[in-house]
Every structure is written in C-alpha cells, then in structure tokens.
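Reader: I would like to learn how to read the packing of helices, sheets and domains in a model of this kind. Could you take me through it feature by feature?

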Amino acid sequence: MTAPGVMVCRAQFLLPLAGPNRGERIHDGYVLSEGETIKEAGRYTSAIGERLIGTYGASLCIMGRFQPDGDASRLQAGVGERPSGDAIPRLHAVLLPAFVKAHGHDHEQPIIGIAKDEPLTAWLDHAVNPFAGFINHHHDELARELGDSPRSITYRMARLCDIHYGITTSMVHHCTYNKYHCREIAAANEAAGTTMIVAIGGQDRHYVKEVLDRPQDALERLRTAIGIPGLERTSFCPGPDQVFSNSRDMLIPLKAWAREHDTLFHIHSAEEPRTTRWFSEAIEPGLSEVEFAESIGILDGGTVLAHQVNCGPRDVRILARTGAKIVHNPLANTILGSGMPPIMEMIAAGVPVAISTDGSGSADNQNILAAARLAAQYQKARHQDATLLPSQQLLEMITSVPAGILRQNQGELAPGRRADWILLALDRPNLIPTRLDNLMENLIWAADGSEVVTVVARGRILKDGGRILPFRDGITPEQIMASTQRLSELFADYRRTAPELRGTGVHQ
Ligand SMILES: [Zn+2]
C-alpha cells in the first residue's frame, strides 16, 4: 500500500477539541493532513480552498470529489453541498477527532449476548474463558473448518467493531489464553490500520489453572513480543490480568520491566464488589487492591487501572498521590452488576479518568458514545446534579484524555497531531435538528453511534460512505463477519457439552 498523501476534508461542523479554546464549535470547517499528520484545521474559506488547490494541485485528495460519478452526497452518506465557486465540497457532517479506547479486549466479539445476567466471575467462567479455551484447544480443527485461524478471525472482528464506531486507537488487554498469541493480534491490527497498545496478560494465582504461569514466563512473552519485526502501529506493555490474580512476585518484576522500557502498565482493579471484599479479607488482609498495589510500588503515572469500581476515599487519595490513571467502563460495570466507580471524586482529586467500552463480551458493543452517555447519566442521577459531566467534557474523555493516558499524539484536531479523525453524518432523523449550539450535546444525547460514516487513521481512510474498506491485506469486512458468525455457531455447539469451568476467584 502506498503512503498516505495530502487529504482535505470539509464539513458543515468542525469540533477540534484542541488547545486552550477546546470548546470551540466551528461552522464550515476543514482538516488538511499530509502523510500521517494534520497540517491545518479550522474555519474554511473559499480563499483557503483556492490556496490548497493551488499548492497541491492534482495530488490533493479531496474528500467528496473523487467518486466515479462525482457525487459528494454518495461518498459521505449525507447531503453534500457545493457552495457556489468552491472546489471543495462541504459535507453534511460533523468532523471531530477519532475516538480513543483506553481499555478493551479483542477476544470477545464472538460471545456478545452470551452468559448475560451473571456477575463478573461467573461470566468469566461461563463465557470468556470457555471461548478462549475453545479457540485454543480446538484451534487446528477450527482453522480447517473456517479456512483461517479462529483467533485471527476474532481479533479482526474486534478491529471491525472499533472502526465501525470511530475508534482508531486502543489499548487491548490481551488476557487469559490470548497472552500466548501476540503475533496474531499484532497482525490483525497492522492489517486493520488502527493503532494499538497490546497489554500482555498474565496471572499466577486464583485463576483457571491452565493459564497460570511464572514471572519469567511473563517477562519472556514481553521480550518476544517487542522483537516481532515489521510492526508500524502496534506496541506492547505488561498487562497482568487482575490485581487479585497476580502476586507481588509477578507484579513487581513486570512493573520494573515497564519502567525500564518506558511503557505503560495495565491491570484490572477492584472491578466487582465480592471479589474486592474477598481480596481484602482473604488474599491481602486489610488492604484494598489499590493499597496493595501502592505497598508493592507498582503505582505511578504509567500505571493504568481499568475499573476501580469499589474505591474508597483512601484509594482516591492514593491514586492522586501516585499519578495512576483510571479507565471507566460504564457499560460493562452496569451489565455485570459490578457497580460504578466514584469518578467525580477521582476527577476532583486530579486523577485522569477516561471513558471506555471494555470488551464486547461484557459491554456488549464498542459504542463509545453510548458509554460516555451512560457515564454521565449515572453520575448526574447518583449526585442529583444535572451540571456534572457536560457534553464537551465527555467528548474529551473519549478523545484527548485517553490519548494522553496512552501517550498518543491524537485526540485533537490541530497541526502536528496524528491524522486520526471521523465524520458523523447529520442526515439522520435522530440528529435533526443539529445546529452549532446543540452539536456536542446531540453527539452525546441523541446520536446512536451508527452515524460514524468516515474514519481516517494516520491519514488513511478505513471507512467511508458508511462502509469499512477491506483491510490492508485484502481481507474484506464481509469475510470477517461471515467467519465470525460461523465461529460463534461452532462455539454454541461446543458449549452444550463442554465441562463446566470454575476457578476464577477461590471465593466461589
Ligand atoms: Zn476488561
């Protein structure tokens, strides 16, 4: 594939979400990217259009013009406009930074809708771990049946779901059996064109015995992963699965590795009330998971905790003091009955909080706008205060805030940032009327997530006209979806006779 060129996109509305004036709402805006980087972003004028065409000539890719029939409205699944004299069509859409997902799992899409109405540990035993075991133990026969590795299909399907909802960068917590398969997830990400940090999982206690291992095994996995050649958009960091499933013997050397290699360190913490209570009573008596993590020295600005639902005032003070970051996953936390974390208290204490979706198995989708909406609804109701978490802050919590946590140069439409941006079509009944003054609010409260019609990552188009393009190696979304459907049917057959799995948390 050739390198991305120079591209301009003009839309009816632009939300840069950038710089000191991050609340700016622009009517008639544009973004210009060169290669993987944004060169210009701001209000469009005819003079700008003439300058760009004069400067770049035929090498300028104009979104909405180079369709076979020249019909801009076809390209954007919206009503494109060509105000008189303009060479660059104005698309009936809102242009904003692509979303950043700071916590998810790419091995769960085939199990959406399975083992619902159960708490976390039962769901792990009934859905996630059996599926992960199924595609690993039966890998060869499934690969023959499906014509591709079931893991590869699963990981690619997750990439499709991210692109569908406008997520171009993610931290994927590669847990349980998946930790052995870093090459395959990296290959899926490289082919999809997204950017990914793979937090490589691991555990040495209180988990399905088959996946327990030793610190030297976990360190060796990291060493092997960072040696995978040819990766342009995939990196790795330690990602021990849960605080309760890792002893200090595992956590201390993994955090040391992260410090030595200047990477993040990612872990689930205090997700579910029963497990959190059991941890403090039986595993590390008298200590919360955060207190334990601090006591062994693994909390700092590079530590990213998923969830932290069951979190007291002492824990919040520790998070603020150490600089640890939080990823809040309201869809999973409510569906699994885990509760919701005190994110207003965290934010007030200065703890960075990103909103994310978690894996598709618990969420059961990657609609990050819906996650942001739910986070706000819950906090407004819990505190009986409608002023909390206004739309602009929520949009930042799925763009610039997670980009900062993941140390990614995106999340804002500004010169020098990575060219990751999306268009949401406005020609949908649920978004009529949209004006400058209700634009951010409509994205949070009225959009359903399916309005993301165009996705650009690193200056390359991944989705346009509402359709995801074939991956860089030629595999089409239709092939991936058909294989995933078949894989889920095979898993349903297997589940009927599979032995029951128990072992996630000894408190059961
Ligand atoms: Zn998770």
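Author: Let us begin with how an angle between helices is defined: axes are lines fitted to C-alpha atoms, for helices over the stretch in contact, and angles run from 0 to 180 degrees between N-to-C directions. Please keep in mind that this is a predicted model. With that definition, the axes of helix 4 (residues 139–146) and helix 19 come within 11 Å and cross at roughly 135°.

Reader: Is helix 4 oblique to helix 19, or roughly antiparallel?

Author: Angles over 145 degrees count as roughly antiparallel, and the angle here is roughly 135°. That makes helix 4 oblique to helix 19, and the crossing in which helix 4 passes helix 19 is right-handed. On the side of helix 4 the contact is made by Leu142, Glu145 and Leu146, and on the side of helix 19 by Ser483, Arg486, Leu487 and Leu490. Sorted by class, this contact of helix 4 with helix 19 has four nonpolar, one polar and two charged residues.

Reader: At what angle do helix 5 and helix 19 pack?

Author: Helix 5 (residues 150–164) and helix 19 (residues 477–497) pack at about 120°, and their axes are 9 Å apart; helix 5 and helix 19 are therefore oblique to each other. The crossing of helix 5 and helix 19 is left-handed. Helix 5 contributes Pro150, Ile153, Arg156, Met157 and Leu160 to the contact, while helix 19 contributes Pro477, Ile480, Ser483, Thr484 and Leu487. By class, the residues of this contact of helix 5 with helix 19 divide into seven nonpolar, two polar and one charged.

Reader: How is the protein divided into domains, and which helix gives the most to the side of domain 1 that touches domain 2?

Author: The domain assignment gives domain 1 as 6–98 + 412–465 and domain 2 as 99–405, and 32 Å separate their centres, taken over C-alpha atoms. The contact takes 21 residues from domain 1 and 23 residues from domain 2. Helix 18 (439–445), strand 15 (452–457) and strand 16 (460–464) each supply at least two residues of the side of domain 1 that touches domain 2, and helix 18 gives the most, with five residues. The residues on this side of domain 1 divide into 13 nonpolar, two polar and six charged.

Reader: Where are cis peptide bonds found in the backbone?

Author: One joins Ala363 and Asp364, with omega about -10°, and Asp364 is found in the loop between helix 14 (360–363) and helix 15 (368–383). Another cis peptide bond joins Ile432 and Pro433, with omega about 5°, and Pro433 lies in the loop between strand 14 (421–425) and helix 18.

Key. Residues numbered from 1 in each chain as written. Predicted model: local features only at pLDDT ≥ 70, side-chain atom pairs only at ≥ 80, totals over all residues. Domains from an automatic or database assignment. Contact = placed C-beta atoms within 7 Å. Helix = DSSP H or I, 4+ residues; strand = E, 2+ residues; numbered from the N terminus. Nonpolar A, V, L, I, M, F, W, Y, C, P; charged D, E, K, R; others polar. Parallel < 35°, antiparallel > 145°, perpendicular 65-115°, else oblique. Left-handed = near helix turned anticlockwise from the far one by under 90°.
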